[in-house]
Amino acid sequence: KVVYDVAVKSGAQLENVLDRASYLSALNDADPFDSKIVIVLHGDEIGFFATRNYATYRDLMVRAQSLTVGGIIDIRMCKVAAHRRGYEPPDIHGFVTMVPMADAEIIDLQKQGFAYMQ
């Protein structure tokens, strides 16, 4: 069980995080009963996940959404950070779970035994 604390500025940096999460999942044989990876977003990458920006970030969003299909990788987003950037939950793609606060989510996941990755 791993939680990635993500605050990146570029699509390339986000792609790197997605690559790492995907590779980690593959190393664990993508077993939904034995592994869980949570990516918690709270930085400039939030705009990539806005539905109004889909045309610009289509390939990145298709990749991110595809990683969530098997149930091993979850993508969660801080509502506070999204709001500060002018986004509300309906503005964000539906495969992303909105959480009240990134820091609280990361702390809670660590209490549940998730290893912290940055």
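Colleague: In which hand of crossing, left-handed or right-handed, does α1 pass α2?

Modeller: A crossing is left-handed if the near helix is turned anticlockwise from the far one by less than a right angle, and right-handed if clockwise. Here α1 passes α2 in a left-handed crossing. One caution: this is a predicted model, where local features need pLDDT of at least 70, side-chain atom pairs count only at pLDDT 80 or more, and totals for chains, interfaces and linings use all residues. Residues are numbered from 1 along each chain as its sequence is written, and side-chain values use heavy atoms, leaving out hydrogens and water.

Colleague: At roughly what angle do the axes of α1 and α2 cross?

Modeller: Axes are lines fitted to C-alpha atoms, for helices over the stretch in contact, and angles run from 0 to 180 degrees between N-to-C directions. Helix α1 (residues 11–27) and helix α2 (residues 54–68) cross at roughly 20°, their axes coming within 11 Å.

Colleague: Which residues of α1 and α2 meet?

Modeller: Contact means heavy atoms within 4.5 Å. From α1, G11, L14, E15, L18, D19 and S22 meet L60, R63, A64 and L67 of α2.

Colleague: And in what order do the strands of the sheet lie?

Modeller: Two strands pair if DSSP finds at least two bridges between them. The open sheet has five strands in the order β4-β3-β2-β1-β5, with parallel pairing. Its edge strands are β4 (97–99) and β5 (115–117). The twist from one strand to the next averages 30°.

Note on methods:
Helices (H or I, at least four residues) and strands (E, at least two) are DSSP runs, numbered from the N terminus.
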